[in-house]
Amino acid sequence: MHDWLNNLPKAELHLHLEGSLEPELMFRLAERNKIALPWNDVEALRSAYNFGNLQEFLDLYYAGADVLRTEQDFYDLTWAYLQKCEEQNVVHTEPFFDPQTHTDRGVPFEAALNGISAALADGRELLGISSGLILSFLRHLPEEEAFKTLEQALPYRNAFFAVGLDSSEVGHPPSKFQRVFDKARAEGLLTVAHAGEEGPPEYIWQALDLLKVSRIDHGVRAAEDPKLIARLIEEQIPLTVCPLSNTKLKVFADMRQHNILDLLEQGVKVTVNSDDPAYFGGYVTENFIALHESLGMTEAQARRLAQNSLDARLAY
Ligand SMILES: Nc1ncnc2[nH]cnc12
Ligand SMILES: [Zn+2]
């Protein structure tokens with residue numbers, strides 16, 4: 001079953017490039033850029049990967065991203081992820097990157113974007129992996145900062161196809177970003193947003209109605225609102241669900257409590273994704289394996305989940 005799941009053709013629609021930074025690469029880049037890390041070695045870093053909630057993870061994720069300084073660093077990060085995609089038969093990917101995580105540290109926007117774009121182009125040419133990049137705004141920062149990021153990005157309009165919304169969810173509802181998402185859509189960009197990971201179903205309604213998103217990232221708390229579930233089914237709005245992330249960040253106490261297969265059986269267009277694989281213990285295949293081992297996912301269900309991911313692609 002493991003090889004079969006690995007070989008199943010699939011798309012990944014919820015992946016933060018900064019979250020694919022493996023400890024080994026983090027240490028290599030720290031050395032290359034002469035940066036002192038607060039951990040002695042890879043094992044010490046890995047043993048810090050115990051999170052009680054989203055914020056505890058984000059604190060470490062932003063600290064780790066500090067080793068990314070040059071265009072080459074962003075290329076190496078993205079290329080390492082694409083090699084994983086090739087290993088796991090991920091034939092298409094729509095990764096996020098968080099420009100503000102880098103520009104706020106003085107890294108030029110162009111260094112991040114050019115490094116990522118060059119690797120995605122090589123992935124297309126050398127590995128046959130199609131892709132589209134999503135520029136994601138940090139929701140714990142003011143909307144004004146998101147506007148500045150969008151302005152900075154617009155000269156490179158062809159390097160990305162959508163904007164997204166991530167970081168600390170509770171207390172930062174989608175409504176806070178309605179105007180900047182309006183502007184992004186006026187520029188012809190598609191929109192997606194993290195909603196209903198730790199935040200309430202109301203945030204999913206807002207993402208749909210105010211931000212006009214084409215997909216919901218996570219969205220597992222929709223299960224608390226039957227009217228919302230009915231709408232997601234009616235409109236076949238994809239949810240990019242991340243099972244290992246949800247258990248590592250205690251959205252569900254245990255994988256056996258995860259609701260992805262219940263949602264699938266109700267007719268919600270759910271997909272399987274890795275979110276931040278370097279921090280949560282696995283890439284897409286490992287997420288599928290966890291669903292098989294903890295929830296008894298069948299081959300037929302795995303096929304439908306993989307097909308959903310291909311159907312929910314937005315970039316071509
Ligand atoms: N799971 C997640 N939720 C919100 N923001 C994130 N940034 C990276 N991973 C994230
Ligand atoms: Zn995410």
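Start your tour at helix 7, which gives the largest share of the lining of the largest pocket: four residues. This is a predicted model, where local features need pLDDT of at least 70, side-chain atom pairs count only at pLDDT 80 or more, and totals for chains, interfaces and linings use all residues. Residues are numbered from 1 along each chain as its sequence is written, chains are lettered from A and ligands numbered from 1 in the order in which they are written, and side-chain values use heavy atoms, with hydrogens and water left out.

Select 109-127 for helix 7 and 130-131 for strand 4; these are the elements that give two or more residues to that lining. (Helices are DSSP runs of H or I, at least four residues, and strands are runs of E, at least two, numbered from the N terminus.)

Now pick Arg124, Ser131, Gly132, Asn158 and Ala159, which lie nearest the centre of the largest pocket among its 15 lining residues. A pocket here is an open set of points on a 1 Å grid over the protein atoms alone, where a 1.4 Å probe fits, with protein on both sides within 12 Å along at least five of seven lines; lining residues have an atom within 4 Å of a point. The space inside is about 220 Å³, a volume filled by probe spheres set on points joined across faces, edges and corners.

Next, jump to helix 5 (71-87) and helix 2 (23-32), each supplying at least two residues to the lining of the second largest pocket. Helix 5 gives the most, five. Show Trp79, Tyr81, Lys84 and Tyr283, all included in that lining. About 150 Å³ of space lies here.
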